[in-house]
Amino acid sequence: MTDLLEGEIGIATESDLVVARKAVRGAADSLGFSVTDVTRIVTAASELTRNIFRYAGTGVMRWHRLERGGSLGLELTFADDGPGIGDIEQAMQAGFSSSGGLGLGLPGAKRLMDEMEIASEVGKGTTVTVRKWRRKA
Amino acid sequence: MTGSISVIRVGDLLLVTVPPDPDDPTVGELQEGVLRAMEQYDAKGLVLDISTVETLDSFFARTIAETAQMVGLMGGRTVIAGMRASVAITATQLGLTLGGSLTALDVDRALRLLGRGAQGGAR
Ligand SMILES: Nc1ncnc2c1ncn2[C@@H]1O[C@H](COP(=O)(O)OP(=O)(O)OP(=O)(O)O)[C@@H](O)[C@H]1O
Ligand SMILES: [Mg+2]
């Protein structure tokens, strides 16, 4: 069994996107994020897993709990060995899409989360890391 | 996941309750089911009840906006009803617009907006 607060899910089919959303919801809920923050985190995860599915075909989502200076957080990593992103700056622009999408996934995920990093190499793959910190009540 | 979407007739309107966390094929099925029912029942409008939906991402939103547009081409009006506050906040931050579709706080208000449900008197 996977621990609620850390784990790994392979992304290869559309139903994996649902499984990934459930896992992220479980982790964010048990870390005590607010309902709105849980929704933000799950929505960002949905965008980033769908990007793996759509552009790379397969990949993996990993998640784990963070602790820094008394604050709790959640880190999600989305990694694939797909085609990579040639121009990350362009991909981050709202409205840019190579697939007729809305082009909201990457810029939207960045706004919904507190931190985001993209590492990508053309022909090698893409890794997107996002973090959300729990606001102190 | 066939059968997970049910389309209910309310007079000359259609009411569809969207499941909480549908996979992409189910979202596509919803669109097809709605358009087929619009034609079959000669419906004048559509109420999409999303009150149980906890995650509205860009794919889901685009399909909803598209469906509303298609219903519009068929002469019907669409009202998206019951969006949760957390979903509304998230959708706005994500940059979603739903293509300017009509919205209502709940199904009751949505039906009234489309000219239904007033027969029983104001509640
Ligand atoms: N994992 C990935 N591998 C390769 N390219 C990617 C990956 N993720 C995103 N991209 C590229 O970045 C672009 C922007 O992605 P983003 O998620 O912002 O928009 P989209 O997927 O095109 O549309 P939307 O997510 O709104 O449906 C994509 O069109 C694609 O070209
Ligand atoms: Mg995307």
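**Terms and their grounds**

Tutor: A:S46 has a relative accessibility of 0%, so A:S46 counts as buried. Buried means under 20% relative accessible area, exposed over 50% and partly exposed in between, with a 1.4 Å probe and protein chains only. The model is predicted: local features need pLDDT of at least 70, side-chain atom pairs count only at pLDDT 80 or more, and totals for chains, interfaces and linings use all residues. Residues are numbered from 1 along each chain as its sequence is written, chains are lettered from A and ligands numbered from 1 in the order in which they are written, and side-chain values use heavy atoms, leaving out hydrogens and water.

Student: Where is A:S46, and what does A:S46 touch?
Tutor: A:S46 lies in helix α2 of chain A. Helices are DSSP runs of H or I with at least four residues, strands are runs of E with at least two, and both are numbered from the N terminus. Not counting residues up to four places away in sequence, A:S46 touches A:R21, B:T55 and B:D57. Contact means heavy atoms within 4.5 Å.

Student: How are α1(A) and α2(A) directed relative to each other?
Tutor: The axes of α1 (residues 14-30) and α2 (residues 35-56) of chain A come within 9 Å and cross at roughly 150°. Axes are lines fitted to C-alpha atoms, for helices over the stretch in contact, and angles run from 0 to 180 degrees between N-to-C directions. Angles under 35 degrees count as roughly parallel, over 145 as roughly antiparallel, 65 to 115 as roughly perpendicular and the rest as oblique. α1(A) and α2(A) are therefore roughly antiparallel to each other.

Student: Which classes of residue make up the contact of α1(A) with α2(A)?
Tutor: The residues that meet include A:L17 and A:V24 in α1(A), and A:I41 and A:F53 in α2(A). The contact of α1(A) with α2(A) divides into nine nonpolar, two polar and five charged residues. Ala, Val, Leu, Ile, Met, Phe, Trp, Tyr, Cys and Pro count as nonpolar, Asp, Glu, Lys and Arg as charged, and the others, Gly among them, as polar.

Student: What is the direction of α1(B) relative to α2(B)?
Tutor: The axes of α1(B) and α2(B) come within 10 Å and cross at roughly 10°. α1(B) and α2(B) are therefore roughly parallel to each other.

Student: What is the order of the strands in the open sheet of chain B?
Tutor: Five strands form the open sheet in the order β1-β2-β3-β4-β5, and the pairing is mixed. Two strands pair if DSSP finds at least two bridges between them.

Student: What makes β1 and β5 of chain B edge strands?
Tutor: β1 (7-10) and β5 (102-104) of chain B each pair on one side only.

Student: Which strands run antiparallel, and which pair in the parallel sense?
Tutor: β1(B) and β2(B) (residues 13-17) run antiparallel and are joined by four bridges. β3(B) (residues 45-49) and β4(B) pair in the parallel sense over five bridges.

Student: Why is β4(B) described as largely enclosed?
Tutor: Four of the five residues of β4(B) (residues 77-81) are buried, so β4(B) is largely enclosed by the rest of the structure.
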